[in-house]
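Please look over the sequence and the model before reading on.

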Amino acid sequence: MGLASQSSLTEAIAAARAGDRARARELLSRLLRADSANAEYWVWMSAVVDSDREKVYCLESALKLDPSNRAALRGLVVLGARTPDDAELNAAAKVARRSKPAKVRQVRTAARPRPAIPSFNWRLIVASILGILVLAAMAELVLLLTRPGTPILAPVLPPVITDTPFLPSPTVSSTVTLTPIPVETRIMRTPVPTELVGTPLAFLVESSPTPTPILGMTPHPAYEAYDAGVQALLRGEYEQAVEYMEQVIDLDEGLADVYYFLGEASRLIEHPGEAVAAYDRAVTLNPNFAPGYLGRARTLLMVRPDEVPEDFERAITADPLFLPAYMEEASFYASRRQWERVDEVLGRAIDAGVISPEVYIRRAEAQLNRTRYGEALANAIEGSANDPSSLEGYLVLGRAYVENELHNAALWPLQTYTLYRADDPVGLAYLARAHLGVGQYDSAYEEANRALSLNDRYAMAFQTRAYVLIFRREFDAAIDDLLNARRYGRTTFEIHYGLAQAYFGLGNLVEAIRSGNSALAAAIEEEDLQVRDRKKGDSYALLATIFENTVPPRISDALNNWALLLSLQYARPEAKALAEQHALELAGEGPTRTPTLSPTPSLTSAPPITVETATPAS
C-alpha cells in the first residue's frame with residue numbers, strides 16, 4: 001500500500017470513528033476504485049454503509065479476496081449472513097472484555113515528575129501490542145456493523161449495539177468494478193438496477209471528499225504524548241488516553257483541548273464527575289472552546305437525561321458553525337417528538353452557514369412531521385443531492401415527494417431505498433402510497449401488504465390498502481382497514497375522508513356525511529395554507545356530491561359546499577372545475593350528469609366512484 005493510500009485509509013478510519021460516515025464512504029469508495037482487490041478496504045467500507053445488504057456485500061467481497069479474514073467472517077456472523085461451524089467459531093478471535101478501572105485520577109493542577117522508563121522485553125511487547133490491535137479492530141468492526149444508521153457525532157463516542165434483522169444478500173461471484181454515476185446528476189434519477197442490489201451506493205455516485213479535522217484537536221508537535229493520547233481515544237483505549245493526557249498536563253496546564261480529551265476519555269469510561277471537571281477546566285481556559293461545552297452537555301445528559309443542557313447553546317454561541325452541537329440538540333428534541341424545536345435548531349444551523357447534508361435531511365424529516373411539506377421537499381432535495389450515498393436521504397426525499405403529491409417523482413427514491421431496506425415498513429408504505437398516486441393499484445396493494453407483514457399494526461399501510469379497496473369497490477373491507485388505521489395510529493384527515501368515501505359507496509349517506517364533516521374539521525387544523533386549502537376543497541367536493549344524492553337531494557347544501565370550494569385560493573384546479581360544472585347543473589344552466597365522488601386527495605388517487613343508488617340521509 002502506498003503512502004497516499006495509507007494516508008487516505010487512516011483518514012477514512014478516523015472519519016468513521018468520528019461519525020462522519022459520508023466522508024468515510026467517499027474516501028473508501030475512492031480507494032476501492034483504485035484497488036478493488038484490497039480486502040481491508042472492503043472490511044472498513046462495511047462499517048460505514050447504511051444497510052445490511054451493503055454490509056454483507058462488502059464483507060463477502062473481502063472474504064473472496066482473503067478467505068481467512070476473521071474480521072469479515074465475524075461481521076457476517078453478526079449480520080446473520082453466515083453460520084460458521086464450530087471450527088470456524090473457535091478459529092475466530094475472541095475479544096476480551098476490557099476491565100474497568102476502579103477510578104480515574106482527578107484532574108491535576110500541579111506538575112509531577114514523569115516516571116522512569118524501565119527495561120522491557122521488546123519482542124514480547126511488540127507481539128502483544130499487535131495482537132491487541134487485531135482484537136480491538138475486530139471488536140470495533142462488530143460494533144460498527146451493528147450500530148444504527150444515525151451517525152455518531154463525537155470522534156470517540158463508542159457505537160451503540162442494536163439487533164438488526166438479517167437481509168439475504170445477493171450472490172457475490174467476484175469483486176465488482178462499477179461505472180459511477182456522474183456527479184452532475186446530483187441525485188440518482190432512477191432506482192438502482194436489480195442486478196446491483198446490495199452494491200454500496202457510494203460506488204454508484206462520484207464524490208470529492210474534503211478533509212475534516214478531528215473534533216477539538218489542535219496540533220501540539222512539542223508533546224508526543226498528545227498525539228498518542230488522541231490516537232488511543234480513536235482506538236477506544238480510554239484508560240491509556242487518560243494517562244497520555246495527564247502526561248501533557250504535567251508539562252503544560254494551559255491547553256484547553258488537552259482537558260477536553262481528558263474529559264472525553266473520562267466520560268467514555270463512565271466517570272462523569274472527572275469528565276465534568278476536565279470540561280470545566282477546558283472552557284475556563286478558553287471560553288470560546290465549543291467542544292468543551294459539547295462534551296459537558298453529553299456528560300450532563302448521562303446524569304439528567306430528561307433535561308436539555310444549556311451547554312448545547314453555549315457551544316453554538318462559541319462557534320456558530322459547530323455542527324455536532326446543532327445535531328445533538330436537535331436529536332434531543334427529536335427523541336421527544338418536539339418537531340418544531342428540531343426545525344428551529346437546524347434552521348439556525350443552515351442560516352449560520354452549516355451546509356452538512358445531514359442537517360438538511362434531518363430538518364426535512366422534522367418538517368414532514370410538522371406537515372410543512374413544501375419546505376420539507378426543498379430541504380430533502382438539498383440534503384439528498386449533496387450526499388447521494390445516504391439511504392436515509394432517499395427515504396426522506398421520497399416521503400416529501402409523496403406528501404407534495406409528486407407521486408411519479410417519489411417512485412425512484414423509494415424504490416432505491418426499499419431495495420436496500422426491504423425490512424422497513426415505513427419505506428414500503430410510502431412506496432405503496434406512491435404507486436397509488438400514479439394509479440398502480442395492484443403494486444400499491446402488494447407493497448401495503450408487505451409493510452403489514454413486517455408490522456401488522458402499521459396504520460399507514462392499513463390506510464393505503466383501504467384506498468385500493470375503495471377503488472376495487474370492496475367498501476366493507478376498506479372500512480375495516482380504515483378503522484384499524486385509526487386504532488393503531490392517530491386519526492387523520494385521510495382516514496375520515498376514506499370512511500366517507502366507503503360509506504358513500506355503500507349508500508350509507510348518514511355516516512358518509514358524518515365522516516365528511518370530520519374530514520373537513522381535520523383539514524381546517526392543517527398548519528400549511530396550501531395543504532389546508534387542498535384538503536378543505538376535497539371535503540367540500542365530497543360533501544356536495546353526497547348532498548346531491550340524498551333523497552330528496554339537498555340542493556342548497558350542495559350549492560353551498562361547491563361555493564365554499566370555489567372560494568379557496570389553493571384548492572385543486574380540477575376540483576374548482578368540477579364545482580363550476582355542478583353549480584351550473586344545479587342552477588339549471590348546464591346538462592345533468594351522473595353525480596360522482598371526485599376529486600380525491602393525493603393519498604387516495606382512485607378514480608371517481610359513480611353512485612348507482614342512494615338512500616335517504618337523516
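A crossing of two helices is called left-handed if the near helix is turned anticlockwise from the far one by less than a right angle, and right-handed if it is turned clockwise. In this predicted model, helix H24 passes helix H25 in a left-handed crossing, and H20 passes H21 in a left-handed crossing as well. The table lists both pairs.

| Helix pair | Residues | Angle | Axis distance |
|---|---|---|---|
| H20 and H21 | 425-437 and 441-454 | about 165° | 8 Å apart |
| H24 and H25 | 493-506 and 509-524 | roughly 160° | within 8 Å |

Angles over 145 degrees count as roughly antiparallel. The angle between H20 and H21 is about 165°, which means that H20 is roughly antiparallel to H21. The angle between H24 and H25 is roughly 160°, so H24 is likewise roughly antiparallel to H25.

The residues that meet can also be named. From H20, Pro425, Leu428, Ala429, Leu431, Ala432, His435 and Leu436 take part, and their partners in H21 include Tyr441, Ala444, Ala448 and Leu454. In the other pair, H24 contributes Phe493, His496, Tyr497, Leu499, Ala500, Tyr503 and Phe504, while the residues from H25 include Leu509, Ala512, Gly516 and Ala519.

These helices belong to a protein with 28 helices and 2 strands. Of its 618 residues, 52% are buried. Among contacts with a separation of 6 or more, 61% join residues 24 or more positions apart.

In soluble globular proteins, nonpolar side chains tend to be buried together. The largest nonpolar core here has 76 residues, and those with the most contacts inside it are Leu414, Tyr458, Ile546, Trp562 and Leu565. Helix H22, residues 459-471, gives the most to this core, with 9 residues. Apart from this core lies another of 55 residues, including Leu215, Leu255, Ala290 and Ile350.

What does Trp562 touch, not counting residues up to four places away in sequence? The residues are Ala541, Ala544, Thr545, Glu548, Leu578, Ala579, His582 and Leu586.

Is Asp343 buried or exposed? Asp343, which lies in helix H15, residues 339-352, has a relative accessible area of 4% and is therefore buried. The side chains of Asp343 and Gln367 are joined by a polar contact of 3.2 Å. Leaving out residues up to four places away in sequence, Asp343 touches Arg363, Ala366, Gln367 and Arg370.

Note on methods. Residues numbered from 1 in each chain as written. Predicted model: local features only at pLDDT ≥ 70, side-chain atom pairs only at ≥ 80, totals over all residues. Heavy atoms only, no water. Core = buried A, V, L, I, M, F, W, Y, C linked by side-chain atoms within 4.5 Å. Buried < 20%, exposed > 50% of the residue type's maximum accessible area, 1.4 Å probe, protein only. Helix = DSSP H or I, 4+ residues; strand = E, 2+ residues; numbered from the N terminus. Contact = heavy atoms within 4.5 Å. Polar contact = N/O pair within 3.5 Å; in protein donor to acceptor, adjacent residues only side chain to side chain. Axes fitted to C-alpha atoms, helices over the stretch in contact; angles between N-to-C directions. Parallel < 35°, antiparallel > 145°, perpendicular 65-115°, else oblique.
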